[in-house]
Amino acid sequence: MNVPFLDVGAGYAELQSELETAILIAFRSGQYIGGAEVEAFESAFAKYTGALNCIAVANGLDALHLGLLALGVKAGDEVIVPSNTFIATWLAVSNCGAIPVPVEPDRTTMNIEAESILRAITPKTRAIIPVHLYGLPVDIDPILELAKERNLFVLEDAAQAHGARYKTRRVGAHGHAVAWSFYPGKNLGALGDAGAVTTNDSFVARRVGLLRNYGSHAKYVHDARGFNSRMDPVQAAALRVKLSVLDNWNARRSHIAQLYTQGLASREHIVTPIVPDWAQHAWHLYVIQSPARDEIQKRLLAAGINTQIHYPIPPHLQGAYADMGFGRGAFPIAERLADESLSLPIGPHLSDESVSRVLAVL
Ligand SMILES: *Cc1c(COP(=O)(O)O)cnc(C)c1O
């Protein structure tokens with residue numbers, strides 16, 4: 001029997017009756033864009049994350065893009081981003097006409113830190129996008145302090161960090177705004193595309209609310225040049241069902257991560273993830289590093305175990321950013337992660353037995 005990287009279908013099966021009840025209610029309501037179902041999810045997710053406001057949007061990329069626009073990022077501005085992230089973080093900046101300025105991550109946490117961000121700040125810098133990569137919160141307090149000193153905005157990319165905690169509080173309202181993706185494979189995943197912005201800033205909340213709906217707060221009155229980026233009630237209904245099991249599912253992910261870390265403790269050629277004591281990891285991904293990555297992946301696959309690489313080509317080496325002129329060697333830590341990192345199977349429905357099989361091959 002094969003071990004899948006992530007079994008999204010098993011998540012649907014566990015919640016089938018609750019999901020289908022909720023979805024049918026949404027379909028029968030006669031309301032297919034926005035409305036009470038979406039508002040109910042927005043308040044539930046705001047409450048869960050500890051943010052004062054949640055604005056549902058169509059996907060995670062839009063959450064980042066509209067979040068940046070709401071913070072006032074405009075053409076020609078510079079926005080600091082990690083050199084190792086999913087390309088959406090960079091694209092959101094480019095979509096504003098702004099320039100992504102990459103910063104290398106710390107080698108142990110794989111997240112960017114205040115010290116290296118400081119060195120990348122120029123008079124054009126307007127905002128910083130720390131990414132809670134793989135589900136591990138960034139050390140955000142020093143970044144917020146730096147941002148305050150330099151008059152910069154902080155938009156967190158929390159697409160991989162649903163339920164993660166920084167110190168005592170859940171990710172959701174530390175920075176000026178937080179962008180979420182509910183892509184089906186995320187810790188909190190919809191049955192299609194969906195996203196949200198959470199924030200304690202009511203001005204930013206109002207602005208994202210305008211931008212997602214043609215810049216309009218009242219029908220046919222347009223205060224801004226907006227977009228169409230709305231969540232539909234069916235996704236909101238499914239997300240509300242899944243939010244109720246998020247902590248349980250994350251606990252299961254955390255248990256699997258513990259099994260991996262214990263099981264791999266004595267493997268000299270494999271580096272396992274570090275969790276600082278102030279962090280509660282959401283374990284969206286369990287990422288190991290090894291110079292023998294390709295060989296390990298091949299042998300796992302031969303044993304029927306599916307793994308993935310997050311991410312095989314860093315954004316600065318993608319064709320999409322060829323015009324920025326970054327060559328190989330420009331961001332060695334991101335490049336090394338691309339060459340040596342491997343994401344092991346993890347998810348709420350992966351059995352202990354499957355984990356043992358992965359460990360046996362490793
Ligand atoms: C998934 C993801 C996104 C984009 O989310 P979509 O909903 O697919 O647009 C952005 N940033 C990171 C780090 C992600 O993992």
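**Before you start**

The model is predicted, so local features need pLDDT of at least 70, side-chain atom pairs count only at pLDDT 80 or more, and totals for chains, interfaces and linings use all residues. Residues are numbered from 1 along each chain as its sequence is written, and side-chain values use heavy atoms, with hydrogens and water left out.

**Stop 1: the ligand**

Select the ligand and the residues around it. There are 14 of them, and Gly60, Asp157, Gln160, Ser181 and Lys186 come nearest. A residue is near a molecule if one of its heavy atoms lies within 4 Å of it. By class, this shell has eight nonpolar, four polar and two charged residues. Here Ala, Val, Leu, Ile, Met, Phe, Trp, Tyr, Cys and Pro count as nonpolar, Asp, Glu, Lys and Arg as charged, and the others, Gly among them, as polar.

Now show helix α4 (residues 60–70). It gives three residues, the largest share of the shell. Helices (H or I, at least four residues) and strands (E, at least two) are DSSP runs, numbered from the N terminus.

Next, look for polar contacts, which are pairs of N or O atoms within 3.5 Å. At glycine 60, a polar backbone atom is 2.8 Å from an oxygen atom of the ligand. At leucine 61, a polar backbone atom is 2.9 Å from a ligand oxygen. At glutamine 160, select the side chain: an N or O atom there is 2.8 Å from an oxygen atom of the ligand. How much of the ligand does the protein bury? Taken alone the ligand exposes 380 Å², and the protein buries 91% of that. Such areas come from the Shrake-Rupley method with a 1.4 Å probe.

**Stop 2: the largest pocket**

Hide the ligand. The space that it takes is the largest pocket. A molecule sits in a pocket if more than half of its atoms lie within 2 Å of its grid points. On a 1 Å grid over the protein atoms alone, a pocket is an open set with protein on both sides within 12 Å along at least five of seven lines; a cavity is a set of points where a 1.4 Å probe fits but cannot get out; lining residues have an atom within 4 Å of a point.

This pocket holds about 580 Å³ of space. A volume is the space filled by probe spheres set on the points. Its lining has 29 residues, with Phe86, Tyr183, Lys186, His284 and Tyr311 nearest the centre. The lining divides into 15 nonpolar, 10 polar and four charged residues.

**Stop 3: the second largest pocket**

Select Gly34, Gly209, Arg212, Asn213 and Arg230. About 280 Å³ of space lies in this pocket. Those five are the closest to its centre among 16 lining residues. Five lining residues are nonpolar, six polar and five charged.

**Stop 4: the largest cavity**

Select Leu6, Val8, Pro184, Lys186 and Trp249. Of the 14 residues that line the largest cavity, these lie nearest its centre. The cavity holds about 100 Å³ of space.

**Stop 5: two backbone spots**

Most residues other than glycine have a negative phi, and most peptide bonds are trans. Go to histidine 310 and tyrosine 311: the peptide bond from one to the other is cis, with omega near 10 degrees. Tyrosine 311 lies in the loop between α11 (293–302) and α12 (332–340). Finish at methionine 110, where phi is positive, near 70 degrees. Methionine 110 is in the loop between β3 (99–103) and α6 (114–120).

Conventions:
Polar contact = N/O pair within 3.5 Å; in protein donor to acceptor, adjacent residues only side chain to side chain.
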